[in-house]
Amino acid sequence: MAVAECGTHAIVAATLGPITEAEATLARDLFPGLGKGELLIADRGFAGLPLWRAASANGADLLWRVRANIVLPVRQELPDGSCLSEIVATEDHYRRRDPVTVRVVEYTLDDPARPAQAAPYRLITTILDHRKAPATELAALYCQRWEIETALDELKTHQPGAGQVLRSRSPDGVEQEVWGHLLVHYAIRSLMHTAATGQRPDPGEAVRIAPPYRAVSANKHHKRP
């Protein structure tokens, strides 16, 4: 499991675990490194109140996609088309005694090159003020979640070389080699960011977020440093 910075593709947090350990369990190891000024983008595989609370505990804001069948009652409609709602733990589904307020953004993609959508995209966020982050900006921003897939491609496909896989033959050696690749990838992205900063271009070609947010994305696959 890993967290990558959307703008630079730097993998800034990672954890390793056996294949029998659930992604949601591994993800908890990454959340203590998040804090104020960061916006964590994640896909619908992570949605759930316990993870939501753990990820935002140190002040980071969240923008997560949720499944279309999750009940999100409208508590207040907002001028930008989003609304305030609440999420509860699975065991609290009926009584709803311990809710957490979230803001909901729903949208569809008007793209003739894509197949028609059966249901709209649904995002929930901790940013409750629509003036701070309008719904259209959050919808456009969510696509940055895919930046981590590019980072993983750099790490797993291009960095080791053509046709190369992990060479180690023992569990300890595999783990050491994975961390080695992660450190090399981080060093490369850090150097690229330094070079880009000197010339003043956006090193990731744009994470358009209202300051002061730094966007990061969580995902599975090989672990992040």
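Is Asp92 buried or exposed? Asp92 is buried, with a relative accessible area of 9%. The views below come from a predicted model.

**View A. Asp92 pairs with Arg97 in a salt bridge.** The closest N and O atoms of this pair are 4.0 Å apart. The cut-offs explain the labels, because buried means under 20% and exposed means over 50%. The count of salt bridges in the model comes to 11.

**View B. Asp43 and Arg145 form a salt bridge between distant parts of the chain.** The closest N and O atoms are 3.7 Å apart. Asp43 lies in the loop between strand E3 (38-42) and helix H2 (49-56). Arg145 lies in the loop between helix H3 (135-142) and helix H4 (147-158). Glu149 joins them, and the three residues are linked in a network of salt bridges. Arg145 has a further contact, with an aromatic ring. Its charged end sits over the ring of Trp146, 4.1 Å from the ring centre.

**View C. Arg75 forms a salt bridge with Glu86.** Here the closest N and O atoms are 2.9 Å apart. Arg75 sits in the loop between strand E4 (61-65) and strand E5 (76-77). Glu86 belongs to strand E6 (residues 83-87). The pair links distant parts of the chain, 11 residues apart. Glu86 is buried, with a relative accessible area of 12%. Side chains of opposite charge can pair when their charged atoms come close.

**View D. Trp52 and Trp64 form an edge-to-face aromatic pair.** The count of aromatic pairs in the model is 2. In this one, the rings are 5.2 Å apart centre to centre, with 85 degrees between the planes. Trp52 lies in helix H2 and Trp64 in strand E4, so the contact ties together parts that are 12 residues apart in sequence. Both Trp52 and Trp64 are buried.

**View E. Tyr107 and Tyr121 form a stacked aromatic pair.** The centres are 5.2 Å apart, and the planes make an angle of 10 degrees. Tyr107 is in strand E7 (residues 100-107), and Tyr121 is in strand E8 (residues 121-125). The two tyrosines are 14 residues apart, and their pair links distant parts of the chain. Tyr107 is buried, as is Tyr121. A pair of aromatic rings is described by the distance of the centres and the angle of the planes.

**View F. Strands E1 and E2 run antiparallel in a hairpin.** Strand E1 covers residues 2-5, and strand E2 covers residues 11-14. They are joined by 3 bridges. Ala2 stands opposite Ala14 in E2. The hairpin has 5 residues between the strands. In this hairpin, His9 takes a positive phi near 70 degrees.

**View G. Val184, Ile188 and Met192 form a nonpolar patch on the surface.** Together the three residues have about 240 Å² of accessible area. Met192 is placed in helix H5 (residues 171-199). Met192 has a relative accessible area of 41% and is therefore partly exposed. That value can count towards a patch, because patch residues need over 30% relative accessible area.

Note on methods
Residues are numbered from 1 along each chain as its sequence is written. This is a predicted model: local features need pLDDT of at least 70, side-chain atom pairs count only at pLDDT 80 or more; totals for chains, interfaces and linings use all residues. Side-chain values use heavy atoms; hydrogens and water are left out. Patches are made of residues with over 30% relative accessible area and no salt bridge: like charges are joined within 9 Å, nonpolar side chains (Val, Leu, Ile, Met, Phe, Trp, Tyr) within 5 Å. Accessible areas come from the Shrake-Rupley method with a 1.4 Å probe; for residues, only the protein chains shown count as cover. A salt bridge is a side-chain nitrogen of Lys or Arg within 4 Å of a carboxyl oxygen of Asp or Glu. Helices (H or I, at least four residues) and strands (E, at least two) are DSSP runs, numbered from the N terminus. Buried means under 20% relative accessible area, exposed over 50%, partly exposed in between (1.4 Å probe, protein chains only). Two strands pair if DSSP finds at least two bridges between them. Rings of Phe, Tyr and Trp (its six-membered ring) pair if their centres lie within 6.5 Å; planes under 30 degrees apart count as stacked, over 60 as edge-to-face and the rest as tilted. A charge sits over a ring if NZ of Lys or CZ of Arg is within 6 Å of the ring centre and within 35 degrees of the ring normal.
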